[in-house]
Amino acid sequence: MKQSNLSRIIRRFCRHRLAVVSLFVLIVLLLMAVFAPLIAPYSPTDVTFAFSQPPSAEHILGTDKVSRDMFSRILFAMRASLLVGFLATLISTVIGVVLGLVSGYFGGWIDRVVMSFTDMVMSFPYILLVLVAAAIFQPGMWTIILVLGFVDWPGVCRLVRGNVLSLRETNFVKSDITAGMPRRYILFREILPNTIAPVLVYATSVFAISILDEAALSFLGQGVQLPTPSLGNLLGDAQSLTTLTNQPWMWVPAGVVIILLVMCINFVGDALRDAIDPKNA
């Protein structure tokens, strides 16, 4: 992407004040998660012998039923949930981009096979497919990363394929084919750079969905397993009526963090889409 185009995109993005605020909040949360070992006053597994205590000067977000500090657990839970969301998005994006490039460029029977497989994956109920896959394999962080990564790629694949079909008919690609340029050069130096922008925009929505999926699966006991904290299993620890009604510090902060992460990512993605769209030039 040229420097002038990048500066224009940044200027258009900055017009969306809500997205700029969301990006700032997202960066703050990300830094808190990355530097959790330095920020957290306790280890997320430390027992403090202050069982189910409300927020206080010693424990700013209170403690859970096992007397572990909730603020420390929230920091490490954000770390786990963001890691799951990022790696799952990365895996699904790489798979979708590769299959979309191959399908759109070569066409013919390769395109039919790839699209048939894509349609088959998309025909299954998404959450049911994720639950079945998570139940078959041993639950854990890396299991959920791989499961989400291998079921989220069809949307990226279809997006890239559509862009490749359009770019394949452009004059600069046809001239490269006529000049006998290698296919890898055409795919990765000519077509792929012109497809990256919409893929990045789409990846933001996959990132947000992956965080929600991790929270849902961990809440159901099929995702990140205790004692490793994640935003989903923190909510899963607060399913009793007593906790929901009398001990909100055990579940409200985790719910608020999930809402903030997903909303901020979606706002940034919407602004990025508008900034990249040439119609907004």
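**Note on the pocket, the nonpolar patch and the cysteines**

1. In this predicted model, 17 residues line the largest pocket, and those nearest its centre are Leu26, Phe86, Ala203, Thr204 and Phe207. A pocket here is an open set of points on a 1 Å grid over the protein atoms alone, where a 1.4 Å probe fits, with protein on both sides within 12 Å along at least five of seven lines, and lining residues have an atom within 4 Å of a point.

2. The volume of this largest pocket is about 530 Å³, taken as the space filled by probe spheres set on the points. Helix H4 (70-106) is among the elements that supply at least two residues of the lining, and H4 gives the most, with five residues.

3. A nonpolar patch on the surface, with about 710 Å² of accessible area together, is formed by Leu23, Ile27, Leu30, Leu31, Val34, Phe35, Leu38 and Ile39. Its largest share, five residues, comes from H2, the helix in which Leu31 is found.

4. Across the whole structure, the search finds zero disulfides, a disulfide being a pair of cysteine sulfur atoms within 2.5 Å. The sulfur of Cys14 is too far for a bond, because the closest cysteine sulfur, in Cys264, is 16 Å away.

5. Residues are numbered from 1 along each chain as its sequence is written. Side-chain values use heavy atoms, leaving out hydrogens and water, while local features need pLDDT of at least 70, side-chain atom pairs count only at pLDDT 80 or more, and totals for chains, interfaces and linings use all residues.

Definitions and conventions
Patch = residues over 30% accessible without salt bridge, like charges linked within 9 Å, V, L, I, M, F, W, Y side chains within 5 Å. Areas by Shrake-Rupley, 256 points an atom, 1.4 Å probe, with all protein chains shown as cover. Salt bridge = Lys/Arg side-chain N within 4 Å of Asp/Glu carboxyl O. Helix = DSSP H or I, 4+ residues; strand = E, 2+ residues; numbered from the N terminus.
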